[in-house]
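Hello,

Please find below the structure we talked about handing over. My notes on it follow.

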Amino acid sequence: MSDCFGRELPYALGIEEELFLVDGSTFDAVPEFSRVVGEPTDEVKPELFECLVEIATPVVPDAAAALAELCRLRGELLARAEPLGATLYSAGSHALARGADQPLVPLERYRKLAKLLGHGVSRQLVCGLHVHVSLPDWETCLRAFEGMLPWLPTLLALSANSPFAEGEATGRRSERAVRLLDLPTGGTPPVLRNPAGWEAATAGDQGRRHWDAWPRPGYGTLEVRVMDAQTDVRRSAGLAEVVGALVATVAESEHTTYDRDLYARRRERATREAPDPGEVEALAAFVDVGPLGAAVLAGRPEAERQLELPPAAVPADVVARTLAF
């Protein structure tokens with residue numbers, strides 16, 4: 001198996017944001033990916049539904065550079081969307097949109113997923129923030145992968161930004177995290193002891209993995225994808241900084257296998273409850289981050305902002321904050 005570990009400087013970052021395309025006046029989700037984007041590129045890509053789009057930064061050295069690239073990409077996407085009457089909405093879920101109303105992007109991998117999930121595919125109208133951290137080799141990646149596991153529920157709680165779905169409060173702060181469990185590779189990552197275990201778990205499909213964290217040898221990275229999409233672009237960059245610092249810290253030592261049942265219980269709690277202050281304090285003491293990461297650790301999840309409003313008022317507020325880059 002070929003891989004790209006060591007191609008980039010250790011602990012460089014790459015960030016992917018999934019966003020909604022919405023009507024510029026009503027803020028309803030609109031199936032405009034094909035018209036807004038046209039031919040996908042490495043920086044602007046399709047997601048499952050025509051009302052979704054993914055932007056991906058190039059490799060960047062730090063959070064400040066990540067913020068600059070995310071602002072550039074949001075700006076370029078907005079410039080394409082506005083002439084067609086559309087704009088951008090960045091959150092883990094759209095407060096009002098119904099997945100059953102949204103057409104799929106006509107790609108074979110999405111047709112296969114829709115066939116697998118049946119009507120349940122409509123529940124995947126959700127958006128995440130994915131952070132890639134470059135690593136020098138497989139051994140370091142597997143150490144970092146196992147060492148990250150205990151911290152992922154804390155990252156989920158900090159990033160929670162999907163309390164509404166289809167016009168109703170879900171009773172959770174991150175509805176997205178719950179819906180990912182519907183996927184055959186969603187949620188708790190399996191135990192990986194070596195590259196052969198990774199090959200067996202991917203079952204010949206290296207790209208379509210949805211676990212909360214996962215080695216990506218084709219990119220030479222560990223990808224952390226547990227987090228909801230963030231509305232404030234500074235929080236996206238700040239969470240990326242925290243993830244990068246965590247990976248750099250845990251990659252330096254060996255780790256015992258983390259209890260996956262305990263992980264699943266902590267993950268479920270993180271979808272419902274505010275971040276545990278003790279966990280956040282421990283994380284802040286464990287990593288060395290700059291102002292962007294520190295602001296995330298000292299702040300509150302964006303779900304709380306949404307929950308201050310009735311569902312019908314959420315889209316206008318989310319759009320305004322999404323465009324504040």
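I start with a hairpin. Strand β10 (residues 213–216) and strand β11 (residues 221–228) run antiparallel and are joined by four bridges. Please keep in mind throughout that this is a predicted model. Within the pair, Trp-214 has Glu-223 of β11 as its bridge partner. Four residues separate β10 from β11 in the hairpin, and Gly-220, in the turn, has a positive phi of about 75 degrees.

In a regular strand, side chains alternate between the two faces of the sheet. For β10 both faces are covered. Ala-213 and Pro-215 are buried on one side, and Trp-214 and Arg-216 are buried on the other.

Is Ser-134 buried or exposed? Ser-134 counts as buried because its relative accessibility is 4%, and the cut-off for buried is under 20%. Leaving aside residues up to four places away in sequence, Ser-134 touches Glu-8, Leu-9, Pro-10, Tyr-11, Ala-12, Gly-220 and Thr-221.

Two other residues are worth a look for their backbone angles. Most residues other than glycine have a negative phi. Phe-27 has a positive phi, near 65 degrees, and is not a glycine; Phe-27 sits in the loop between β1 (13–23) and α1 (33–37). Glu-166, also not a glycine, has a positive phi of about 55 degrees. Glu-166 is in the loop between β6 (164–165) and β7 (168–169), and its relative accessible area of 37% makes it partly exposed.

On to the helices. Helix α2 (residues 63–81) has 19 residues and reaches 26 Å from first C-alpha to last, close to the expected 27 Å. Asp-62 caps the N-terminal end of α2, with a side-chain oxygen 3.3 Å from the backbone nitrogen of Ala-64. The buried residues of α2 include Leu-67, Leu-70, Leu-73, Leu-77 and Leu-78. Also among them are Glu-69 and Arg-74.

Asp-259 lies in the loop between α8 (233–250) and α9 (260–272). A polar atom of the Asp-259 side chain lies 2.9 Å from the backbone nitrogen of Leu-262. Asp-259 is partly exposed, at a relative accessible area of 40%. The C-alpha atoms of Asp-259 and Leu-149 are separated by 9.2 Å, although these residues are 110 residues apart along the chain.

Finally, the chain as a whole. The chain has 13 helices and eleven strands. Its radius of gyration is 18 Å, close to the 20 Å that the globule rule gives for 325 residues, so the chain is as compact as a globular protein of that length. The C-alpha trace spans about 50 × 40 × 35 Å along its principal axes. Of the 325 residues, 56% count as buried. The accessible surface comes to about 13,000 Å², and 52% of this belongs to carbon and sulfur atoms. Among contacts with a separation of 6 or more, 78% are between residues 24 or more positions apart.

Regards

Methods
Residues numbered from 1 in each chain as written. Predicted model: local features only at pLDDT ≥ 70, side-chain atom pairs only at ≥ 80, totals over all residues. Heavy atoms only, no water. Helix = DSSP H or I, 4+ residues; strand = E, 2+ residues; numbered from the N terminus. Expected span 1.5 Å × (residues − 1). Buried < 20%, exposed > 50% of the residue type's maximum accessible area, 1.4 Å probe, protein only. Polar contact = N/O pair within 3.5 Å; in protein donor to acceptor, adjacent residues only side chain to side chain. Rg over C-alpha atoms; globule rule 2.2 N^0.38 Å. Contact = heavy atoms within 4.5 Å. Areas by Shrake-Rupley, 256 points an atom, 1.4 Å probe, with all protein chains shown as cover. Pairing = 2+ DSSP bridges.
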